[in-house]
Structure formats: C-alpha cells, structure tokens
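Hi everyone, thanks for making time. I'd like to walk you through one structure today, so let's bring it up on the screen.

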Amino acid sequence: MCGIVGISGFLPVNQAIYDALSVLQHRGQDAAGICTIDQLNCFRLRKANGLVSDVFEARHMQRLQGTMGIGHVRYPTAGSSSASEAQPFYVNSPYGITLAHNGNLTNAHELRTRLFEQGRRHINTTSDSEVLLNVFAQELDRFQDYPLTADNIFTAIQCMHRQIRGAYAVVAMLIGHGMIAFRDPNGIRPLVLGKRQLPDGRTEYMVASESVALDTLGFEFIRDVVAGEAVYITEQGELFTRQCADAPKNNPCLFEYVYFARPDSFIDKISVYNARIRMGTKLGEKIAREWSDLDIDVVIPIPETSTDVALEIARILDKPYRQGFVKNRYVGRTFIMPGQQLRRSAVRRKLNANRAEFRDKNVLLVDDSIVRGTTSEQIIEMAREAGAKRVYLASAAPEIRFPNVYGIDMPSVNELIAHGREVDEICQLIKADALIFQDLNDLIEAVKEENPDIAQFECSVFNGVYVTQDVNQEYLDYLQSLRKDDVQAVARQSEVEGLELHNEG
Ligand SMILES: O=P(O)(O)OC[C@H]1O[C@H](OP(=O)(O)OP(=O)(O)O)[C@H](O)[C@@H]1O
Ligand SMILES: NC(=O)CC[C@H](N)C(=O)O
Ligand SMILES: [Mg+2]
C-alpha cells in the first residue's frame, strides 16, 4: 500500500507534507517523495529510496519551496523498487504534471503499449503509476485552450476512468492550474478531503490516504472522496468536485481495516479502531464457542496491529491480556518489506518474548492476519523457547488464499500459507497447538457496522472475487511471473537507476 498527500494552500507546504508523510509511513517504507510548485511555476522534486526521515535532509526541505505540493510513501506493487520508480512522477506536457498514486492498475501492460503505439508516449520505467500519469496527460492534451477549465479536467478524468482498470487513489498537480485528486470507480483505495481556515479567512485544502494525516496537521475532515469522484483545487484556492465515473460503486478494501490503516483513521465513515474492536468481539465469541475445552491462561497480542483485537478478545474470554512480546520500536512493519529473507530476519529483530509471561502457561496469541506465515511461525517458536506449555493462535482475518491485484504485494498464491490448505494443515506448518481464523462474514459485519451503505467490500484475498471483474487466470499468471519473490530478488540485484528527472539529489 502506498500513502499519498496533497496540500493546496497559501503558506509554505514543505514541512506540512513531510509531517503528513511521516504519519502515513506505515503505508509504505521503501521510498518517499515530495514535489512542490515554486514562485517561478517550476516543480521542485525530491524522491529517493528510504524512510521519510532518511530521504529529506535540511537542504532538500529548503529547496522544496511553494504553497502547493504533493507527497508519496511507496510500497511497490508493480515495476521495481528502484529509486527512479519512487513517486511523484513527472511529465512535461501538457503544461507540466506531477502525480502520486496508491493502488495498482490491472491493465497497465495494455495501456503502456497503447500509449506508445497510438499516443507516441514513452514510459521510462516499469511502474504502472507512470502509465497512469501518461494516460492522464494524454486526456488533458485533448483540450487545446489555456487555461483548462474545471470542466475540461473532469472530462479528462471521466475518459481516464473508461480506460484504466484496477485500483487508484491519485493526487496530481498541473502547472498554471492547481491540485487534482481522484479515486477509482470502485473506491478500492482510500482518500479523504480536509480544510483549514487561515486567520485571514482564506481556506487551505488537503487530500490524504488517511484521515490521521489531516488530524496531525490541524486540518478539519470534510469527507471521504467518494468512489469515482474527482476534486480540483485551483491555484487561487477555489474547490470543485464532480462524480466522473459512469457507474460508481463503493467497494473499499477490507484489508485496510484489518492491517493497513492506522487505528485512529476513519475510512469511508468507519473508524478503523472500532472495526478492530468489533473483529475482537466476533473472534472472541467464536473462540468461546469452539474452544470451550481449551484452557487458556493468558491472551497475548503479536504487536503492533493486533493489539486492539487482542484486548477485546481477552475481555470476551475474561482472561488476562498481557504484552508478552516487546516490540523494537526502530524496526518497521515486516509484511511490507521486500523479500522473504528480509521479512524473516526482521521478525526476530522486531519482537522478543517477555519470558515471565510465557513460562508454564497456555497462551493464546492473537494476530490481525496470517499471510505468508512468516510472523506466526517464528512467534510460536519464540513462545515455546520462552517456556509456554501450549501455544494457540487466533487470526482476526480469515485465511488469505488468493493474490491481491489492487495495491497489496501478494502476487503469488504459492507464497500464501493458506493457499490450498485447510486450518489443520496450516496449524501443523506453523507448529501451533490450535489455530482459529475469523469467518469472512463476521469480518465483514464487524467492519460494516458503522456504514451499512457499503454493499460490497473488496475482499478478493479471502474469496477470490475481484470487484473490477477484469481479473482472470491469465492476468494472475502474468502478475505472478513478474512479481513473485524470487523474480523480485533477481530484479533487485540487477537494478539500475533510470532517469530521475528534475530530482533534487
Ligand atoms: O503472515 P505474515 O506474512 O508474517 O504477515 C502477517 C503479519 O505481518 C503484519 O505485521 P507487520 O510486522 O507488517 O506490522 P505490524 O507491526 O503493524 O503488526 C501483520 O500484522 C501480521 O503480523
Ligand atoms: N502500493 C501501492 O499503492 C503501489 C503504487 C504503485 N503501483 C507502485 O508500485 O509504485
Ligand atoms: Mg503484525
């Protein structure tokens, strides 16, 4: 998952975008970038591999001048993890555009060919986001008048929606015009809009992947950008919004609530924190029903995302909740790290068992999800080494059996521990004494409670149903051939930096 942010205001935005990106860091740890528009109407860009705090030094921040800017933290799902695929991306015509994208296009390959053959546009990287930017540029280019009107911009986005498939929450800037943001017609990836009133009465606007970024910067949450909708804020600060999709449907990604988003965010009118508590209630009730014969002494979360769920399970089971694992605060999220070797070694560096909590006890470990099983396998071993008698494991998400094509890097079914396996087999593999998963219906109910208007969530990783209806086996095989772990490892070794246009090195 990536994080995106954009601010259109009247005060310098460099520090504000930096702060927003650091609050969205949990969505992408591989690369970060900020682009601003300076007083001379030129883009200022700094992007590189690394965490926000590593990428932007004081000299970069000083150069990122301007009162309008966009930012991105990257977790790659297409192309390579080379610095030249860090975002925002830039294209010089029409007028100059930069763009940052969260999601994944399912027809990037075909769009790339069409852009070259019909549009005479060269895409310099293997990133789907550069493809998206060029489709946008091509559609804007159909209007010959300067400046473009809001109507022109919305029409271009409408035409884009008809060509692009997959998931995309996007923020972009167009020189001489302003900031533009839009969400795909299924609303798979999140995007929120906020505002801030300056003392002189002028209003600044901000868009971001998660509402927590608005909170941190003192912006007031206005609303979610709805599925298919576009937002345009002119340089003068005028806000336009329009529904640009022919048949929008609201199908937000269920996995955002399980793992990706911060608990203090609201996505599509649902508090992520409350959703996680309700996941704990449902799972706790299932455990009480199905495991009445198991003697659980203590409930222990696997930090960090599962803590809210585990606390509620402990309440339902009326068992003590204990922080049995200590998390090294300097190690980030392991699931979004590139490469299985790195992910494996990171678990041991990240978590350590607090012996006193395990010795001679039957422990119920709780995680939000089991994807490759990297975490659970090692954690169970650590619990035993720390003296646990019996180790049970509960997952707040159901079995993950299908690849994700919408911005989560799970392209290969063979890497998923639950693919083609039943609970008993998974339990044996991770060497647990008992294993239980949340039911999909319970998970959906837990999330949906605050917004019953959501008829369908994007939950393909659990049930193999892809809401964009364009994903077939041929595409899944293609994606797997490009992105499975061993292919990526070879690609990383031979990575060369492509052009880094206008980058503040
Ligand atoms: O089965 P796996 O492939 O190991 O993936 C699932 C694990 O990865 C995530 O943790 P992560 O360390 O990324 O982040 P967290 O600190 O937010 O829990 C998630 O919370 C699970 O613990
Ligand atoms: N996780 C994401 O949102 C990734 C965005 C884009 N597909 C990339 O790989 O850079
Ligand atoms: Mg975790």
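Helices H5 and H6 cross in a right-handed sense. Before I go on, please keep in mind that this is a predicted model.

Staying with this pair, the axes of H5 (residues 128-140) and H6 (residues 150-163) come within 9 Å, crossing at roughly 130°. That angle makes H5 oblique to H6. Which residues of H5 and H6 meet here? From H5 we have Leu132, Val135, Phe136, Glu139 and Leu140, and facing them in H6 are Ile153, Ala156, Ile157, Cys159, Met160 and Gln163. Sorted by class, this contact holds nine nonpolar residues, one polar and one charged.

Now over to a second pair. H9, residues 272-290, and H10, residues 307-317, have axes that come within 7 Å and cross at roughly 40°. These two are therefore oblique to each other as well, and H9 passes H10 in a right-handed crossing. The residues involved include Met279, Leu283 and Ile287 of H9, along with Val309, Ile313 and Ile316 of H10. The H9–H10 contact divides into ten nonpolar, three polar and four charged residues.

Some of you will want to know about the interior. Nonpolar side chains tend to be buried together in soluble globular proteins. In our model, the largest nonpolar core has 59 residues, and Phe255, Met279, Ile287 and Leu364 touch the most other members. Helix H8, residues 254-260, gives the most to this core, with six residues. Apart from that core lies another of 33 residues, among them Phe89, Leu148, Leu174 and Cys244.

Leaving aside neighbours within four places in sequence, its contacts include Ile287, Trp291, Ile313, Leu317 and Tyr392.

Last, some backbone details to look at together. Where do we find cis peptide bonds? One runs from Gln87 to Pro88, with omega near 5°, and Pro88 sits in the loop between strands E4 and E5. Another runs from Pro303 to Glu304, with omega near 15°; Glu304 is in the loop between strand E16 and H10.

Then there is Arg120, a non-glycine residue with a positive phi of about 55°. You'll find Arg120 in the loop between H4 and H5, and at 74% relative accessibility it counts as exposed. Gln469, not a glycine either, has a positive phi of about 55° and lies in the loop between H15 and H16. With a relative accessible area of 70%, Gln469 is exposed.

Conventions
Residues are numbered from 1 along each chain as its sequence is written. Chains are lettered from A and ligands numbered from 1 in the order in which they are written. This is a predicted model: local features need pLDDT of at least 70, side-chain atom pairs count only at pLDDT 80 or more; totals for chains, interfaces and linings use all residues. Side-chain values use heavy atoms; hydrogens and water are left out. Axes are lines fitted to C-alpha atoms, for helices over the stretch in contact, and angles run from 0 to 180 degrees between N-to-C directions. Helices (H or I, at least four residues) and strands (E, at least two) are DSSP runs, numbered from the N terminus. Angles under 35 degrees count as roughly parallel, over 145 as roughly antiparallel, 65 to 115 as roughly perpendicular and the rest as oblique. A crossing is left-handed if the near helix is turned anticlockwise from the far one by less than a right angle, and right-handed if clockwise. Contact means heavy atoms within 4.5 Å. Ala, Val, Leu, Ile, Met, Phe, Trp, Tyr, Cys and Pro count as nonpolar, Asp, Glu, Lys and Arg as charged, and the others, Gly among them, as polar. A nonpolar core is a set of buried Ala, Val, Leu, Ile, Met, Phe, Trp, Tyr and Cys residues joined through side-chain atoms within 4.5 Å. Buried means under 20% relative accessible area, exposed over 50%, partly exposed in between (1.4 Å probe, protein chains only).
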